[in-house]
Every structure is written in C-alpha cells, then in structure tokens.
Amino acid sequence: MTRTEVTLAVDFACEGCAASVRRIAERIEGVREVEIDVEAKRCVVRGDALDAEDVLARVRKCGRATTLLME
C-alpha cells in the first residue's frame with residue numbers, strides 16, 4: 001500500500017476543536033496517525049492510500065474552516 005500524508009490548515013479555536021478533528025480523522029479508513037498542532041492550526045493525517053479530498057471533506061464536518069495544504 002502507498003503511504004499518504006495529508007496536511008490541512010484548520011481554524012482551531014481550542015483543544016476541544018482539536019479533539020473533534022482527531023475523532024473524525026481517526027475514523028477514516030486507512031488512517032494510521034493524526035498529528036495536530038493547535039497553535040500552528042495544522043492537522044497532518046498519515047495513513048495508507050488516503051484520498052486527500054475525502055479527508056478534507058470529512059474533517060470539514062467538524063464545523064471549523066479547513067483547507068488542504070499538501071498531500
């Protein structure tokens with residue numbers, strides 16, 4: 001399988017927002033690791049054969065402004 005890394009900019013307001021994003025991202029099939037930096041407003045999702053647009057769409061469900069930075 002192809003290892004994939006998707007980096008998102010997420011407008012985190014607090015640790016609670018980060019926890020919501022983590023819960024959503026960890027439920028995506030193939031995700032192995034979710035790294036969140038609240039201060040930098042970044043979320044890196046690593047896993048096997050992840051679709052960046054799918055990850056973006058799912059994380060946006062947390063209600064925070066989210067954009068794709070890199071895949």
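Arg64 is partly exposed, with a relative accessible area of 26%, where partly exposed covers the range between buried (under 20% relative accessible area) and exposed (over 50%), for a 1.4 Å probe and protein chains only. This is a predicted model, in which local features need pLDDT of at least 70 and side-chain atom pairs count only at pLDDT 80 or more, while totals for chains, interfaces and linings use all residues. Residues are numbered from 1 along each chain as its sequence is written, and side-chain values use heavy atoms, with hydrogens and water left out.

The side chain of Arg64 meets that of Asp11 in a salt bridge, a term that requires a side-chain nitrogen of Lys or Arg within 4 Å of a carboxyl oxygen of Asp or Glu. The structure holds eight salt bridges, including those in the table.

| Pair | N to O distance |
|---|---|
| Arg46 and Glu5 | 2.7 Å |
| Arg64 and Asp11 | 3.9 Å |
| Asp48 and Arg32 | 2.5 Å |

Asp11, the partner of Arg64, is partly exposed at 35%. In the pair of Asp48 and Arg32, Asp48 lies in strand S3 and Arg32 in strand S2 (residues 31–37), so that parts 16 residues apart in sequence are tied together; strands (E, at least two residues) are DSSP runs, numbered from the N terminus. Asp48 is buried, with a relative accessible area of 10%, whereas Arg32 counts as exposed at 58%.

Salt bridges that share partners also join Glu5, Glu33, Glu35 and Arg46 into one network. Within that group, Arg46 is partly exposed at 22% relative accessibility, and Glu5 is partly exposed with a relative accessible area of 36%.

Conventions:
Helices (H or I, at least four residues) and strands (E, at least two) are DSSP runs, numbered from the N terminus.
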